[in-house]
Amino acid sequence: MINTQFRDLTLTPITAEETLVIACDSSAGIGEKKADVVAVDPAITAAYSLRVPLLELMCFGAHPITVIDTVGNEMVPTGERIISGVKAELARAQLSDIPLNGSTEDNMATLTTSIGITVIGRIQTANIPKPATVDLTVFKLGTPYVGNEVVAHLNQIFSYDKVRQIRGNTDVVDMLPVGSKGVTYELDQMAQTNHLETHYLVDHDLPELNTSAGPATVVLVGVKKTRAKAVSQAFPELVAVAELRRPKL
């Protein structure tokens, strides 16, 4: 069986019916160490590093089954704070029961906080998303924040439950978290993987479409164009940004 890449995910078939889905993220310079650029509790750093791959799997439709944290710092105190943040975020995502494994750096002194997160999920092969067969309206959930902006808006960032609710709507065809490359980049990714062309409904030079969304503080939601109004009414926090249309022959 051959591994395949879908956007930032690695897909590894394990049987004819089931596929492992692997997502990862890293963070450095955000914590309480001497050379950190953003000063924040490492537990928050860890939580939002975990948030990125968790959302990637959830948006894809995979169920997370294992988390691995690779901490580039000593266990005490930084590693302990990072692990506590990972566990707290798993609880927020209602995933406290899945295994957590990892490693710390206890041989070398470090001046910046560093963490890598890998999340392994699983999906029924038959449920792997397929390219859209209809035109889509793409909505934006959330506001792009990065660095200190994330810390300042912790209570305003959408929840995992909200992502699950939207993902469970039968009119939703595709969902894609937005990170450091911004909305415009990820919108292009959504268009390419669905073999559609992008037509903006807003000014594509707007700053919020071209700035970093940091630890997935935005998710793009692709909806059947004919059902866009109904989805918008069901989830009024969504903001329409573009249509993805089938190329004209």
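**A tour of helices and sheets**

Helices α1 and α2 lie oblique to each other, because their angle is neither under 35 degrees (roughly parallel), over 145 (roughly antiparallel) nor 65 to 115 (roughly perpendicular). This is a predicted model, where local features need pLDDT of at least 70, side-chain atom pairs count only at pLDDT 80 or more, and totals for chains, interfaces and linings use all residues. Residues are numbered from 1 along each chain as its sequence is written, and side-chain values use heavy atoms, without hydrogens and water.

Select α1 (residues 42-60) and α2 (residues 75-92): they pack at about 45°, with axes 7 Å apart. Axes are lines fitted to C-alpha atoms, for helices over the stretch in contact, and angles run from 0 to 180 degrees between N-to-C directions. Helices (H or I, at least four residues) and strands (E, at least two) are DSSP runs, numbered from the N terminus.

Next, show the open sheet of six strands, in the order β1-β2-β3-β8-β6-β7, with mixed pairing. Two strands pair if DSSP finds at least two bridges between them.

Now pick β1 and β2 (residues 9-13), which run antiparallel and are joined by three bridges. Thr-4 stands opposite Leu-11 in β2.

Finally, go to β10 (residues 172-178), where six of seven residues are buried (under 20% relative accessible area, 1.4 Å probe, protein chains only). Six bridges link β10 to the antiparallel strand β12 (residues 218-224). Leu-176 faces Leu-220 of β12 across this pair.

How values were computed: Buried means under 20% relative accessible area, exposed over 50%, partly exposed in between (1.4 Å probe, protein chains only).
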